Amino acid sequence: MLKITGYCTALNGQAFLNGKPCLDNSVDSFKEMIDELVIKYKITHPRFGKMDRLSQLGFTIADLVLQGTGLTEIHEPFKLGIVLSNSSSSLDTDLKYWESTANIPSPSLFVYTLPNIVLAEICIKNNFKGENFFFVSEKPDFKLLYSTISEMLSNRLDACLGGWVEVLGESYEAFIFLAEHGQDDPTHEFTEENIKNIYNTTPLWNN
Amino acid sequence: MEQLANELKVLIIDCLKLQDTKPEDIDTDAPLFGDGLGLDSIDALELIVLLQQHYGIKIKTAEEGKSVFQSVKTMAEYVSKNRK
């Protein structure tokens, strides 16, 4: 049976891991939220400060989902995959890069002008070497996420991260879940309906 | 030269977003790449931009870049000779 074994959401200065709040209080800005999560959950990476905001958000939320799972000790790297999506692609960084071209274009901004770089950052940190996709759609496409991940898990992968990581200007939103093979237990079976249910019942989306 | 080296350390930290690194943490003679600050190829490009923006210096070849970006000391010596 395929199961959803963990999930994390972030929006409006607050994050929830498996339905429970990560921070004692909500914070005002994207930077404050990321900084507090990084400190509280001891998320370390030498390149973190150089990442764009899309990568910082995806990297942080994926790290929260994966902490304590021992996933990379249990499974072969080529059996671990990731499928993320959003609506603005890398536009948040594209605009900053465009602004930099007025003077000397910034190489470090340029490398983040693709949305799939967030996948690379997560895969490098966590030693994921399996298949990966990044989809761009107007809103979370649960059918596409489910069909893609279930095909990969049924045929090639042991575990797969999936979800939605969106950043544009002041607006941001993340929802990342871990799907893997599990025991026969109806709780959070990996289905399109359950992905949708978890997304829709997260406290953040109901405020 | 020491003042220029310190100025470069501040610029490098800011330009390369080296969180948790202070100017005094950077050894003037230590390699910038590999074992030293552990910079990568994108950082090398940012250092080229840094020299152009702040000192009007253009690095023209990869070989020239290799010798200039060995350490903060070699950068300071190069800037001192070539700044505009």
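Which side chains meet in a salt bridge of 3.1 Å, N to O, with A:Asp92 as one of the partners? The side chain of A:Arg53 meets that of A:Asp92 in this way, where a salt bridge stands for a side-chain nitrogen of Lys or Arg within 4 Å of a carboxyl oxygen of Asp or Glu.

This is a predicted model, in which local features need pLDDT of at least 70 and side-chain atom pairs count only at pLDDT 80 or more, while totals for chains, interfaces and linings use all residues. Residues are numbered from 1 along each chain as its sequence is written, chains are lettered from A in the order in which they are written, and side-chain values use heavy atoms, with hydrogens and water left out.

A:Asp92 is buried, with a relative accessible area of 7%, where buried means under 20%, exposed over 50% and partly exposed in between, for a 1.4 Å probe and protein chains only.

A:Asp92 also meets A:Lys96 in a salt bridge, and these two residues both lie in helix 4 of chain A, four residues apart, or about one turn of the helix. A:Lys96 is partly exposed, at 34% relative accessible area, and a network of salt bridges links A:Arg53, A:Asp92 and A:Lys96.

Over all chains, a search of the whole structure finds ten salt bridges, among them the following.

| Salt bridge | Distance, N to O |
|---|---|
| A:Arg53 and A:Asp92 | 3.1 Å |
| A:Lys96 and A:Asp92 | 3.1 Å |
| A:Arg156 and A:Glu131 | 2.5 Å |
| A:Lys50 and B:Asp43 | 2.8 Å |

**Between the chains**

In the interface, 13 residues of chain B are in contact with twelve residues of chain A, contact being heavy atoms within 4.5 Å. The area buried between the two chains is about 970 Å², of which carbon and sulfur atoms give 55%; buried area is the accessible area (1.4 Å probe) that two parts lose on being put together, summed over both. In chain B, the residues that lose the most area to chain A are B:Lys17, B:Ile42 and B:Glu46, together 40% of what that side buries.

Two salt bridges are found across this interface, and the side chains of A:Lys50 and B:Asp43 meet in a salt bridge.
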